[in-house]
Amino acid sequence: MRLWKAIALVNLALGVGLLIGYLWWGREAARLRQETTVTIQAGTAPLQEGEWTARGVVRSVVPEINVLVLTHEEIPGFMPSMTMGFRAANPQLYNGLQVGDVIRFTLRGVPPSVTIVAITREGKT
């Protein structure tokens with residue numbers, strides 16, 4: 001077999017392989033698009049801005065990134081109890097707070113982008 005015939009066959013095989021892959025990916029993309037559309041339509045109503053109040057214990061204050069790490073009770077209608085960080089609306093909210101303080105805090109925003117807008121200190125653990 002001549003060299004040019006071998007090169008032509010390799011190029012033809014490569015072209016056919018790329019075409020098959022392109023067609024397969026197009027079908028996959030359409031299927032994924034359809035699944036996503038069905039999931040969105042079957043999902044709940046769009047998230048709206050809300051306000052939640054809960055109690056928690058201060059685990060850490062990270063002023064460099066304006067975050068309080070809290071172990072909080074269940075926040076009804078929003079999330080179960082856990083330890084996580086929340087961004088504060090402004091730094092004056094956590095002035096004077098120390099690790100171990102028990103606080104009541106108010107979150108406001110559109111989940112998952114919520115911020116602490118009010119804090120009331122209730123005592124120490």
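Two strands count as paired here if DSSP finds at least two bridges between them. Keep that in mind for this predicted model, where β4 and β5 form a hairpin with two residues between them.

**The strands**

Let's start with that hairpin. Strand β4 covers residues 101-110, runs antiparallel to β5 and is joined to it by 10 bridges. One of the facing pairs puts glycine 109 opposite valine 114 of β5. β5 has another partner too: β3 and β5 pair in the parallel sense, over two bridges. On that side, arginine 87 stands opposite threonine 115 in β5.

Here are the two pairings next to each other:

| Strand (residues) | Partner | Sense | Bridges |
|---|---|---|---|
| β3 (82-88) | β5 (113-124) | parallel | two |
| β4 (101-110) | β5 | antiparallel | 10 |

The loop between β4 and β5 is worth a look as well. Proline 112 lies in it, and the peptide bond leading from proline 111 to proline 112 is cis, with omega near 5°. As a rule, most peptide bonds are trans.

**The core**

The largest nonpolar core has 18 residues, and the members touching the most others are Leu70, Phe86, Phe105, Leu107, Ile116 and Ile119. β1, β2, β3, β4 and β5 are the elements that each give two or more residues to this core.

Take isoleucine 119 as an example. If you skip its neighbours within four places in sequence, isoleucine 119 is in contact with Leu68, Leu93, Leu97, Ile103, Arg104 and Phe105.

**Asparagine 66**

Now for a residue in a loop. Asparagine 66 sits between β1 (50-62) and β2 (67-72). Its phi is near 60°, a positive value in a residue other than glycine. For context, most residues other than glycine have a negative phi.

Is asparagine 66 buried or exposed? Its relative accessible area is 18%, and the cut-off for buried is under 20%, so asparagine 66 counts as buried.

What does asparagine 66 touch, not counting residues up to four places away in sequence? The list is Phe86, Arg87, Ala88, Ala89, Asn90, Pro91 and Tyr94.

Methods: Residues are numbered from 1 along each chain as its sequence is written. This is a predicted model: local features need pLDDT of at least 70, side-chain atom pairs count only at pLDDT 80 or more; totals for chains, interfaces and linings use all residues. Side-chain values use heavy atoms; hydrogens and water are left out. Helices (H or I, at least four residues) and strands (E, at least two) are DSSP runs, numbered from the N terminus. Buried means under 20% relative accessible area, exposed over 50%, partly exposed in between (1.4 Å probe, protein chains only). Contact means heavy atoms within 4.5 Å. A nonpolar core is a set of buried Ala, Val, Leu, Ile, Met, Phe, Trp, Tyr and Cys residues joined through side-chain atoms within 4.5 Å.
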